[in-house]
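Please view the sequence and the model together before reading the points below.

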Amino acid sequence: MRIWRKARLPAALLVGAILVVWALHAVISGGNRNARASEPPHATASVSPKPSPRPTGPIKQGHGKVVYLTFDDGPDRVWTPRVLAMLAKHGAHATFFMLAQHSRRFPDLVDEVRAAGDAVGNHSVSHPKLTKLSPASLHAQVANGIQSRCFRPPYGATDHRVLTEIHRDGLQQVLWDVDPRDWSRPGVAMIVKRVLAAVKPGAIVIMHDGGGNRSQTVAALDQLLPDLAARGYGFPALSC
């Protein structure tokens with residue numbers, strides 16, 4: 001019996017040591033798992049691009065019942081002064097979306113527009129369809145246009161890529177609500193009819209002071225402005 005007890009003691013010690021080692025291993029393994037769980041994940045997800053800057057403040061600054069007259073494709077040595085004269089005759093203001101290739105030729109007309117209290121918008125450098133351009137050409141057409149807060153894409157041709165470029169350059173895209181298609185010279189009466197039929201408070205009307213003979217546009221203004229004024233409309237410029 002004494003021999004059996006002596007043999008059993010080392011076995012008990014061995015079992016106890018094994019249990020201690022197993023417990024320590026469990027603690028260490030659990031700690032490693034917790035540590036790994038608390039580590040930040042690797043940055044494998046793509047980072048969202050920084051949003052492009054947007055211009056601040058509203059483009060439409062008028063109060064009450066207003067309509068925004070806009071003129072594209074100038075400045076023109078003949079027609080821009082005649083449009084300005086007609087606006088002045090009726091106490092109206094407008095926004096002129098200018099091509100840089102023309103504004104560089106006639107900087108005095110740009111000054112004349114601004115001196116009259118009218119606004120100037122960027123209409124690109126040379127009037128291409130922006131949706132068809134390479135990224136470099138698109139950027140050049142937007143960034144090298146006349147200085148303004150407003151940009152109107154030629155032909156109204158725009159998409160996500162064009163809009164992103166406009167915003168990247170700190171501009172706001174301005175399209176239109178009413179198009180009498182005066183550029184096609186449909187007749188003075190038709191220009192007047194189309195505007196009066198479609199205009200609503202806050203509407204932006206597109207017409208043209210460049211790109212060809214604009215005598216019909218000038219004559220239509222002489223009828224439109226008093227008719228719209230009689231309906232209670234005012235004529236502020238956009239905040240460009």
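**A buried aromatic residue**

Phe96 has a relative accessible area of 0%, so Phe96 is buried; buried means under 20% relative accessible area, exposed means over 50%, and partly exposed lies in between, with a 1.4 Å probe and protein chains only. The model is predicted, so local features need pLDDT of at least 70 and side-chain atom pairs count only at pLDDT 80 or more, while totals for chains, interfaces and linings use all residues. Residues are numbered from 1 along each chain as its sequence is written, and side-chain values use heavy atoms, with hydrogens and water left out.

**Overall architecture**

- The protein contains eight helices and six strands; helices (H or I, at least four residues) and strands (E, at least two) are DSSP runs, numbered from the N terminus.
- Along the sequence, these elements follow the pattern α-β-α-β-α-α-β-α-β-α-β-α-β-α.
- Of the 240 residues of the protein, 39% count as buried.
- The accessible surface of the protein is about 13400 Å², and 59% of this surface belongs to carbon and sulfur atoms; accessible areas come from the Shrake-Rupley method with a 1.4 Å probe, and for residues only the protein chains shown count as cover.
- Among contacts between residues at least 6 apart in sequence, 77% join residues at least 24 apart; contact means heavy atoms within 4.5 Å.

**Nonpolar cores**

- The largest nonpolar core has 33 residues, and those with the most contacts inside it are Leu69, Phe71, Leu87, Phe96, Leu221 and Phe235. A nonpolar core is a set of buried Ala, Val, Leu, Ile, Met, Phe, Trp, Tyr and Cys residues joined through side-chain atoms within 4.5 Å.
- At least two residues of this core come from each of β1 (68-74), α2 (79-89), β2 (94-98), α4 (107-115), α7 (188-198), β6 (204-208) and α8 (215-230).
- Helix α8 gives the most to this core, with six residues.
- Another core, of eleven residues, lies apart from it and has Tyr68, Cys150, Ile204 and Cys240 among its members.
- Beyond its neighbours within four places in sequence, Leu69 is in contact with residues including Leu87, Val205, Met207, Leu221 and Phe235.

**Rings and charges**

- How many aromatic pairs does the count come to? The count comes to one aromatic pair; rings of Phe, Tyr and Trp (its six-membered ring) pair if their centres lie within 6.5 Å, and planes under 30 degrees apart count as stacked, over 60 as edge-to-face and the rest as tilted.
- Phe71 and Phe96 form this stacked pair, at 5.3 Å centre to centre and with 25° between the planes.
- The pair links distant parts of the chain, since Phe71 is in strand β1 and Phe96 is in strand β2, 25 residues apart.
- Phe71 has 0% relative accessibility and therefore counts as buried.
- The charged end of Arg152 sits over the ring of Phe97, 4.3 Å from its centre; a charge sits over a ring if NZ of Lys or CZ of Arg is within 6 Å of the ring centre and within 35 degrees of the ring normal.
- Lys129 lies over the face of Tyr155, at 5.7 Å from the ring centre.

**Helix α6 and its surroundings**

- Helix α6 (residues 160-168) has the buried residues Val162, Glu165, Ile166 and His167.
- These buried residues pack against α5 (135-143), β4 (150-151) and β5 (172-173).
- At the start of α6, a side-chain oxygen of Asp159 reaches to within 3.1 Å of the backbone nitrogen of Arg161.
- Just after α6, Gly170 takes a positive phi of about 80°.

**Two individual residues**

- His208 is found in strand β6, and His208 is buried because its relative accessible area is 8%.
- The side chains of His208 and Asp182 are joined by a polar contact of 2.8 Å; a polar contact is a pair of N or O atoms within 3.5 Å, where within protein one must be able to donate a hydrogen and the other to accept it, and residues adjacent in sequence count only if both atoms are side-chain atoms.
- Lys65 is placed in the loop between α1 (2-38) and β1, and Lys65 counts as partly exposed because its relative accessibility is 37%.
- The side chain of Lys65 reaches the backbone oxygen of Arg231 at 2.6 Å.
- Lys65 and Ala229 are 164 residues apart in sequence, and their C-alpha atoms are 9.9 Å apart in space.
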